[in-house]
Amino acid sequence: MLGVADRERLSVMQSYRFALDLTPRQERVVLAHAGAARVAHNWALARVKAVMDQRAAERTYGVDEASLTPPLGWSLPALRRAWNAAKPVVAPWWRECSKEAYNTGLEALARGLKNWSDSRGGRRAGRAVGFPRFKSRRRSTPSVRFTTGAIRVERDRRHVVLPRLGRLKLHESARKLARRLDAATARIVSAMVRRDGGRWHVSFTCAVQRVQRVPARPDATVGVDLGVRHLAVLSTGEVEPNPGYLHTATRRMRRLARRMSRRVGPDRRTGRRPSKRWETARGQLARAHARVVNLRRDGLHKLTSRLAREYGTIVVEDLNVAGMLANRRLARRIADTGFAELRRQLAYKTAWNGGRLVVADRWYPSSKTCSGCGTVKTKLALSERTYTCTPCGLVLDRDVNAARNLAALAAEASTAGSGPVAGRGADRKTPLAGLVAVKRQPGTATAGKTGTVPPQGRTSNHVPTNAS
Ligand SMILES: [Zn+2]
């Protein structure tokens, strides 16, 4: 008999998040810990800044490098050593909170400093990262992470035990995680308690042994065209409607925001405290936002799970979401559909299900290419919902055509043996000259593909590097 244990295992990090029902006393303890994390963070940041300033000043006086004030290490152990030496003076109450609280704050700072220096030294992709800033009690999300001590799910699966906080009641059952813990296919690495959307959550980061699955149709390929009109259009012709929860909830949120603005809010200059009614309105608005976030996440998870379970290969476009958000008319709808989140979910779910994800190059003209004969149009207005090819007479829905082109890219990626992130693909079907010519058309930047709005104005500079 072939048991589950004999099958191939996949080791992944996975997190399980549950809503909490905290008692007022527990809430006070969590907030105290979150506050302690903030104090440690801000103290260490001030130290880092002071030492940097001191060294800069000394250099201007002509002090030689060897006799400068020694630099403060930016690693977590170094920050922790500095904090432990200073805490009796800086925070004489330090014994009241778990050491994990201070660690939470210092770890966030160490990460922030590393991201900043990596970003500055060109070792980090993405947009430039700013220098860490002080955390404010008002603006920062209260959270604390535990990595050691008694962290467990109780037998009733309705309670969890955390260091210092003790037994916390869950708002929902933790059975999914408990089953894995019982079967020893999961090990809790850390637990974070955090307030988001006006509600407390505990999130367990676990090392999980997953059974390697196989997609239902391992040889099938599906192209997914992400759009604004629909959430996604598949190369099979299937249309995944845009949930647009945010769109429908916008009116409610506007109303709540208006209500909040009419009530007496806090004023830092005069020290005015917010009224009870303002606090109520703020809570309502936060919950409206949280509801939208939850609904959206649910819709995306359902779609990505279905795709990853069924298809062996999934092809999506590499969308420049940052560039798209700069276009303000499309911005809200695009943010609503959560492209980046969809990509992220597909990436890990295809890995879990034994499939692969192919990401087409950002400059691949999936909408302008004919999926029948490979002809590339020079112009295709966003308003043209049907793709009509003059050379071969193909007439097809615009988005289905784009999705089919994406699906065709997968074959190229696999023959090239270039693995899951290749799929530059513009080589065979689309001659390079054609691609450049298309992209150099003035004004095509906004009248381009569905949803794929290239960064404004800088298009031609980028083409040679990306298409080579
Ligand atoms: Zn054609």
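**The zinc site and what lies beyond it**

A: Let's start with the zinc ion: along the sequence, its donor residues follow the spacing C-x2-C-x15-C-x2-C. (Donors are N, O and S atoms within 2.8 Å of the metal, or 3.2 Å for Na, K and Ca; water isn't among the atoms, so sites may look incomplete.) Keep in mind that this is a predicted model, where local features need pLDDT of at least 70 and side-chain atom pairs count only at pLDDT 80 or more, while totals for chains, interfaces and linings use all residues. Residues are numbered from 1 along each chain as its sequence is written, and side-chain values use heavy atoms, with hydrogens and water left out.

The four ligands are the SG atoms of Cys-370, Cys-373, Cys-389 and Cys-392, at 2.3 Å. The angles among these 4 donor atoms run from 107 to 112°, and the site is tetrahedral (for four donors, all angles between 85 and 135 degrees). For reference, the ideal angle for four tetrahedral donors is 109.5 degrees.

Where do Cys-373 and Cys-392 lie? Cys-373 is in the loop between strand 12 (356-360) and strand 13 (386-388), and Cys-392 is in the loop between strand 13 and strand 14 (395-397), so the pair ties together parts that are 19 residues apart in sequence. (Helices, H or I with at least four residues, and strands, E with at least two, are DSSP runs numbered from the N terminus.) Cys-373 is partly exposed, because its relative accessibility is 39%; Cys-392 is also partly exposed, at 39%. (Buried is under 20% relative accessible area, exposed is over 50%, and partly exposed is in between, with a 1.4 Å probe and protein chains only.)

Strand 6 (residues 186-196) and strand 7 (residues 199-211) share 10 bridges, and Ala-191 stands opposite Phe-204 in strand 7.

Phe-204 also turns up in the largest nonpolar core, which has 50 residues; Phe-204 is among those with the most contacts inside it, as are Leu-20 and Val-193. (Such a core is a set of buried Ala, Val, Leu, Ile, Met, Phe, Trp, Tyr and Cys residues joined through side-chain atoms within 4.5 Å.) Helix 1 (residues 24-60) gives the most to this core, with 9 residues. A second, separate core has 18 residues, including Leu-226 and Ala-232.

Those two face each other: Leu-226 stands opposite Ala-232 in strand 9. Strand 9 (residues 230-234) is mostly covered, with 4 of its 5 residues buried. It is joined by 3 bridges to strand 8 (residues 217-226), running antiparallel. Another 3 bridges join strand 9 to strand 10 (residues 239-241), again antiparallel, and here Val-233 stands opposite Val-239. The hairpin of strand 9 and strand 10 has 4 residues between the strands, and in it Gly-237 takes a positive phi near 95°.

Last stop, back at strand 3 (residues 152-153), where Val-153 lies. Val-153 counts as buried because its relative accessible area is 14%. Val-153 and Ala-178 are 25 residues apart in sequence, yet 6.6 Å apart in space, C-alpha to C-alpha.

Conventions:
Two strands pair if DSSP finds at least two bridges between them. Four donors count as tetrahedral if all angles lie between 85 and 135 degrees; four count as square planar and six as octahedral if opposite donors are over 155 degrees apart and all others between 65 and 115; anything else is irregular.
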